[in-house]
Amino acid sequence: MSASPPRPLGVSARGPLKGRVTVPGDKSISHRSLMFSALAVGESRIEGLLEGEDVLATAAAMRAMGATITRGDDGAWTVSGVGVGGLLQPETALDMGNSGTSTRLLMGLVASHPITVTFTGDASLSSRPMGRAIEPLGQMGAEITASPGGRLPLMLRGINPAVPITYTLPVASAQVKSAVLLAGLNTPGITRVIEPVPTRDHSERMLRGFGAELTVEDGPEGKIISIRGEAELKPQHIVVPGDPSSAGFWMVAASIVPGSDITIANVCMNPTRTGLIQALRMMGASIEALDPREVGGEPVADLRVRHAPLKAIEVPPELAPSMIDEYPILFVAAAVAEGRTVARGAHELRVKESDRIATMRAALEANGVVLEEFEDGLAITGTGGAPIPGGGGAFTKLDHRIAMSMAVAGLAAAAPIAIDDVAPVQTSYPGFFDVLDSLVA
């Protein structure tokens, strides 16, 4: 998967956002729907799949291991699976592009199959450590040879039968939890993950929907998630709800640009994903959930967001796992709020597509925002509703969320913000700038 050429862009204030927007399908659910469908026996149908580069990397990897995956003229995808235990040896290395989710979850899938897979990725992904997934999968019997620092390129030799384990997550990570559960799918016996801090539970919901024997109980150390191996997954019809992480950019944009009034349709309201909504409401944001309903086992609603004056808060650290991807855009909201917002508890941001704490600090500081950096977050002194100064650059470090967050900052800046490269936005939200143009037209 070749890197896109850099695409610099200047973003400036353009007036209020108005209208209705549908955000792309949830990225976490899109990845899992392809993987689990590829492990089912029979044909599954997926509607609303996010067609960003990260998810397409997952589709390519599952094809390389034997699944038949096609996109229909109606935009729906069909997947003919190989069954649990049926993954085939790929002929070449699997190129994961920029997708850490694809990499860690597929490492889990491969770990309990008797195949050997080499994982490669772009420069950004190759700088991210995979050690947290390597550790439990090694305990299950997989042989993993990684580049220095536990990074890609990485070769994983799966084993069958693998050894069922009970693994306590040392750091809250839905990806590592999912990797262990997916390895457990093809492992005889019961594999358990103990989760001291709850993280997004899309894997658990969807695995149950596909027919896996999975239980979740409360224990003294946290949630105990158990999966019985040698499962047989049944094909499904999946409707992917809108991605709350993508919706977050429009929530903040409408909140900080005076006169804005937008509705974001069909947003996933899974409680493990609504931390940003809770934090923004604590700051005084006007976010109204309309027509709450359930789609494919996930709670969904339309969100009406209107401009409102925001006040600084101390973000509860326990919200971090349910909004870890949304911290960069929360930092933008804080830059326009009244007072000093403290957002901590987000160590995980240091090992995302970029070091998102350092990268956002540099980008906001270059545009006149007053802030302080901590090991696990930022404290940001807001403008009290006035535009941020702007007029500076924003170096994205190939990180799609930094690019989109600084584009939203540009909408509330006195002078344009020059973003060095918005090409990485293709990984998660291909139509982002078209939607922006439509909302401020």
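Residues are numbered from 1 along each chain as its sequence is written, and side-chain values use heavy atoms, with hydrogens and water left out. Because the model is predicted, local features need pLDDT of at least 70 and side-chain atom pairs count only at pLDDT 80 or more, while totals for chains, interfaces and linings use all residues.

On a 1 Å grid over the protein atoms alone, a pocket is an open set of points where a 1.4 Å probe fits, with protein on both sides within 12 Å along at least five of seven lines; lining residues have an atom within 4 Å of a point. Grid points are joined across faces, edges and corners, and a volume is the space filled by probe spheres set on the points. The largest pocket has a volume of about 600 Å³. Its lining comprises 39 residues, and Ala172, Ser173, Ile324, Glu348 and Lys352 lie nearest the centre. By class, 13 of the lining residues are nonpolar, 11 polar and 15 charged (Ala, Val, Leu, Ile, Met, Phe, Trp, Tyr, Cys and Pro count as nonpolar, Asp, Glu, Lys and Arg as charged, and the others, Gly among them, as polar). Helices α1 (27–39), α3 (100–111), α6 (174–185) and α12 (400–411) each supply at least two residues of this lining; helices (H or I, at least four residues) and strands (E, at least two) are DSSP runs, numbered from the N terminus.

Turning to the interior, a nonpolar core is a set of buried Ala, Val, Leu, Ile, Met, Phe, Trp, Tyr and Cys residues joined through side-chain atoms within 4.5 Å. Buried means under 20% relative accessible area, exposed over 50%, and partly exposed in between (1.4 Å probe, protein chains only). The largest such core has 78 residues, and Trp250, Ile264, Leu280, Tyr327, Met406 and Phe432 have the most contacts inside it. Helix α10 (residues 327–336) gives the most to this core, with nine residues. A second, separate core of 65 residues includes Leu50, Met107, Leu125 and Ile134. Leaving aside neighbours within four places in sequence, Met406 is in contact (heavy atoms within 4.5 Å) with residues including Met360, Leu364 and Ile417. Ile287, in strand β16 (residues 286–295), is buried at a relative accessible area of 8%. With the same exclusion of sequence neighbours, the contacts of Ile287 include Met251, Leu280 and Val305. Ile287 and Met251 are 36 residues apart in sequence, yet their C-alpha atoms are 7.8 Å apart.

Charged pairs come next. A salt bridge is a side-chain nitrogen of Lys or Arg within 4 Å of a carboxyl oxygen of Asp or Glu, and the whole structure holds 34 of them. In one, the closest N and O atoms of Arg273 and Asp26 are 2.8 Å apart. This pair links distant parts of the chain, 247 residues apart, and both Arg273 and Asp26 are buried. Glu204 and Lys177 form another salt bridge, at 2.7 Å from N to O. Glu204 lies in helix α7 (residues 202–209) and Lys177 in helix α6, so the pair ties together parts that are 27 residues apart in sequence.

Arg356 and Asp325 also meet in a salt bridge (3.4 Å, N to O). Arg356 is buried at a relative accessible area of 0%, and Asp325 is buried at 12%. A network of salt bridges links Arg128, Arg200, Asp325, Lys352, Glu353, Arg356, Asp399 and Arg401.
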